[in-house]
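Thank you all for making time this morning.

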Amino acid sequence: MRFLPVNLNALLVELDDLDQTLSLLHALEREPVAGVVELVPAARTILVTFRPALRSARDIVADIAARRLDARIERSAPLVEIPVHYDGEDLDEVAGMLGLSRQEVVARHTGREYSVAFTGFAPGFAYLSGGDPGLDVPRRSSPRTRIPPGAVALAGTFSGIYPQASPGGWQLLGSTPLAMWDLGREIPALLQPGYRVRFVDAARLSEAQLQALIERSRGRRVDAGRPARAAQPGPRHGLTVLAAGLQTLFQDSGRHGQAGQGVAASGAMDQQALRAANRLVGNAPGSACLETTYGGLALQASGPLVLAVAGAQAPLEITAADGRRWTAAPYRALALDEGDVLRIGEPAAGLRCYVAARGGFAIEPVLGSCATDTLAHVGPPAVAAGDFLPVRPAPAGAIVADFMPAPDKLPRAGEVVTLDVVMGPRTDWFTGEAVRLLAAQTWEVTAQSNRVGIRLAGEQPLARARQGELPSEGTSPGAIQVPPSGQPVLFLADHPLTGGYPVIAAVATHHLDLAGQIPIGARIRFNPLTTFKTLSPHASDPRAGHAEPAPISSPIP
């Protein structure tokens, strides 16, 4: 096994094949490594996220390197039967590439049992292995901009089912009526790692058989959780949204621990600002706030409330019910009376503001969090004008801070922002000149930027030293992924859990909040951190993992 740097709190374990990957994953789940908080397996890698304050990267590497890779994994998990209408747009092309007829492709696709190797790309998207080895086809040279939910597809030797409409480059064989992702189901993802899967030709099923499979897939139904925006019995206590601005979402500290369902953490783009706003009103630091982008948010109080605004440097104005107006300050507790209106203007610096209410917003969590993931479509919908946002009563003894220090300097459009980066894990996929250019030139933040990532434009694109396809592997917040255009994308909070383009570097964890405040039109300069070379321990038992020396770009001290 080989250890590659990802960030100051993450590393990538690279193995020879899927069998070794699943064997190591099984070993790490059976006997967890102290300090590791999440594992994201992929075709030949496992992304390991850990807490540096608890254990060093060196200790994490030594522990993982000692694990055996020869374990046989018995698949006794539930069997899920997937009915498929084999009428996909690429079925004829796939048959032609393989020298088979349409009927032979269908027969091979339905003739073997699959296993869910890992999940990623989108919530509920499962990478299925173990099918007919002859069904090995490349991704499309030109990905589609939209693939409908339920599309059944091939890429390499993997089969997969798109859980929701999204872009994609897999070869489409057909479609299934089963929902791969359903928040109304007790376990939203129909296919979990380790589950067995069998595809069934829907043309051979009676209507009753097809409906039975659909009903079985619905599982046990639960309340999906939604914000309590309607008026509750008794006096209303909360905020009415008079204007929602460009985008206003509920965000908290994030939806951690859901990688097994293909769900990333999401959460506030500026975690420091989120914590500051909550502390100012006496809430727990990670509580849900309103995250508003580029200002324009207007909120009217129903009943006395204590609010706080943190984050971007934006003008704040309070208008009383009798028409009086005054300017308010961010990073201070703000007392509002019945009918008072708080307005947030366009930021002069930074991008996102966070509004906290004493007591917290009365919103139900989805998968353990109130964060809205805009890519995965998980969490409460965006706030809209006319919504009423109930606020819970403040708990007894909650301490409200008078003020907190604001950031010294936030990025502005037209200015250059310097972000520290950790090189890797796929720096070797790029030419030496491309690696030099990443730090040597500045990169403009384009208008095609959002919570998923910042699309960058540089004078010279980054050229690859290696062509071909990189097997999908886990990605982390801050990853700088480089598509074929050579113009990088900086992944942010709502990034996909896995990706197939090489990552040349990642924004260091201590600059992720700053990255979340960079407005369109600003320019970024990447500053590679000083790195260290370290030798990983070698295993003496040939059946155990053999750890190669970490590359020179490794940040492991």
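**Aromatic pairs**

The count comes to eleven aromatic pairs, where rings of Phe, Tyr and Trp (its six-membered ring) pair if their centres lie within 6.5 Å, with planes under 30 degrees apart called stacked, over 60 edge-to-face and the rest tilted. Before I go further, please keep in mind that this is a predicted model, in which local features need pLDDT of at least 70 and side-chain atom pairs count only at pLDDT 80 or more, while totals for chains, interfaces and linings use all residues. Residues are numbered from 1 along each chain as its sequence is written, and side-chain values use heavy atoms, with hydrogens and water left out.

Tyrosine 114 is buried, with a relative accessible area of 3%, and phenylalanine 199 is buried at 1%, where buried means under 20% relative accessible area, exposed over 50% and partly exposed in between, using a 1.4 Å probe and protein chains only.

Phenylalanine 250 and phenylalanine 361 are both buried. Elsewhere, ring pairs link Phe118, Phe121, Phe125, Tyr127, Phe158, Tyr162 and Trp170 into a cluster.

**Around strand 13**

Strand 13 is joined to strand 5 (residues 79-84) by six bridges, running parallel, and to strand 6 by two bridges, running antiparallel; strands pair if DSSP finds at least two bridges between them. Arginine 196 in strand 13 stands opposite leucine 79, and arginine 196 is also the bridge partner of serine 115.

**Helix 5**

Which residues of helix 5 are buried? They are Leu210, Leu213, Ile214 and Ser217. Seen down the axis of helix 5, the buried residues fall within an arc of 100 degrees, so they line one face of the helix, the arc being that of the directions from the helix axis to the C-beta atoms. The face turned away from the buried side carries the exposed residues Ala208, Glu215 and Arg216.

An open sheet of six strands has the order 20-19-22-17-14-24, paired antiparallel. Strand 20 (325-328) and strand 24 (388-390) stand at its edges with a single partner strand each, so one side of each is left without a neighbour in the sheet. Within this sheet, strand 19 (residues 316-319) runs antiparallel to strand 20 over four bridges, and glutamate 317 has threonine 327 of strand 20 as its bridge partner.

Finally, seven strands close into a barrel in the order 25-32-29-30-27-26-33, with mixed pairing. Strand 29 (residues 479-481) and strand 32 (residues 503-507) pair in the antiparallel sense over three bridges, and alanine 479 has alanine 506 in strand 32 as its bridge partner.
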